[in-house]
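Hi there,

Here is the structure I promised to pass on. Have a look at it first, and my notes on its cores and aromatic rings follow below.

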Amino acid sequence: MQYSFPALLTAVLIAVTSARADSFQELVASFGTTKTLAGIHQATTTNPDGSAINFWNPSFENQPATNAVLSNPHIADADAYGNIYIADKASHSVLKITTDGLIHTFAGTHVSGFNGDGPAPGTSLQISQPNGLYVFPNGIVYLLDPGNHRIRRVGLDGQMTTVVNDTDPNWKSTGRALWVSQDEQLIYYTHEYQPIPPSTVSNGAVLKQWTPLRGIETILDRSAGLTNPANLDLNPIDGKLYLTDRADEDTTRMEQGLFRIDGANQRTRITGDATQPIAADGQLAINSFIEQPRGIAFQADGSYFICGHKDGNVWFVDTSGILHEYLSGSGRKDGYSLPDDAHPPLLAATYFAQPRAVTIAPNGNLLVVSNDSGFVFRVQNITSSLATNLTLRLAPPSPILQWTARADRGYRIESTSDIGATTWQSITAIQGQNGLIQFLDPNAATSSQRYYRVLPSL
């Protein structure tokens, strides 16, 4: 069969468009319905001076999270056991929603300040304006404490310690992005610099890394053009960090966007600048302007969710780089009218306002924080995340458990010495990676026989 050039071009475009549509439909089918996890709407969330209101009340403690008023929540993340953690910036705390739907103070005292680096119970140490969070599947939590220029760690025993104390005197009391490697030997974080009077605008921002051996090193300095870096995530396909920059204080709006970090002072733009058309369904992300992007969360195949503060929406970007509107919101007001049990895409109304962050929980759920409205909600993932190709390889003195995993899932590991036991002992939970993953039980040598099972996250 022969084609004229225009007909051949049309056929190719139809085929590509169909593939992209199929990709989005697969995404839609992989998620179920919505559910509000925490928050009560308030008529105003700011004091007369513009500062955020601390709504925390001791009566919220150990009560349903949907009856608690959140205070400028900035990001939510989860462990593999179904617990949700919220960096509640204006209440100077990290809150925890347990599987029974109750809310608890996990770290901080709800009073801004500094009373020590620990180790001490997480609820006994003050933190200030926490707005960065990184949760491991096993329940270890790292938090960014910008008011104290610190990164804190809360262990499985509830003890909080300081891991990074950045004494940079020019650090403005802001910072949002935080990422920690699975061995806890590498941390990436951001912060802004103090304004140079008489200006009140921050003097740029930086991306830094910390390692135990080399301490704090700068990856992107002010010359790289960062203004208000928001959140970052690791792409499991290319292994690189991707960082959003809200650039709220850039009047030209040209610095706003999502960027890939390619090396020292090297970044590549992934979403369009302000000269590009406003983001719309079906456009290439690189050719689309998402106003003040904030949240970024990758799936195992390199596709990702991204949300914009002033854009107001949650978008899905497929592996071809095409935008798909997934949840419709507003960037201008603090309303919240998202119904439970609705199945996205939800585009018929503005269901929430000013999303701050999107994350993928270890069980695959999408978690979204609507900051000024003070809500956290989820979209449930309904696909299977069972481990496949599970084998036990003998490698004295400890056996090695291995299975095929995916990078956006967490896995719970349990064991028993009696195959007929009705209860199994929880060993730990770990983050997956695309392909084969291995786990060595450090306590296996203490038992004459052990049985293991690998379970999906709750």
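The largest nonpolar core of this predicted model has 26 residues, and those touching the most other members are Tyr142, Ile151, Leu178, Ile187, Tyr189, Leu207 and Leu232. Two or more residues each come from β9 (141-145), β12 (178-180), β13 (187-192), β14 (205-211), β15 (215-220) and β17 (241-245).

Leaving aside residues up to four places away in sequence, its contacts include Tyr142, Ile151, Val163, Val164, Leu178 and Trp179. Lys208, Gln209 and Trp210 are also among the residues that Ile187 touches. Apart from this core lies another, of 24 residues, including Leu327, Ala342, Leu346 and Phe377.

Now to the rings. The model has 18 aromatic pairs. In one of them, Trp56 and Phe60 have ring centres 5.4 Å apart and planes at 80 degrees, so this pair is edge-to-face. Trp56 and Phe60 are both buried. Phe352 and Phe377 make a tilted pair, with 5.3 Å from centre to centre and 45 degrees between the planes. Because Phe352 is in the loop between β23 (323-327) and β24 (355-360) while Phe377 is in strand β26 (residues 375-381), the pair ties together parts 25 residues apart in sequence. Phe352 is buried at a relative accessible area of 1%, and Phe377 is buried at 0%.

There is also an aromatic cluster formed by Phe24, Phe31, Phe305, Phe316 and Tyr326.

Two rings have a charge over them: the charged end of Arg222 sits over Tyr193, 4.1 Å from the ring centre, and that of Arg267 sits over Phe259, 3.9 Å from the ring centre.

Best wishes

Note on methods
Residues numbered from 1 in each chain as written. Predicted model: local features only at pLDDT ≥ 70, side-chain atom pairs only at ≥ 80, totals over all residues. Heavy atoms only, no water. Core = buried A, V, L, I, M, F, W, Y, C linked by side-chain atoms within 4.5 Å. Buried < 20%, exposed > 50% of the residue type's maximum accessible area, 1.4 Å probe, protein only. Helix = DSSP H or I, 4+ residues; strand = E, 2+ residues; numbered from the N terminus. Contact = heavy atoms within 4.5 Å. Phe/Tyr/Trp six-rings, centres within 6.5 Å; stacked < 30°, edge-to-face > 60°. Lys NZ or Arg CZ within 6 Å of the ring centre and 35° of its normal.
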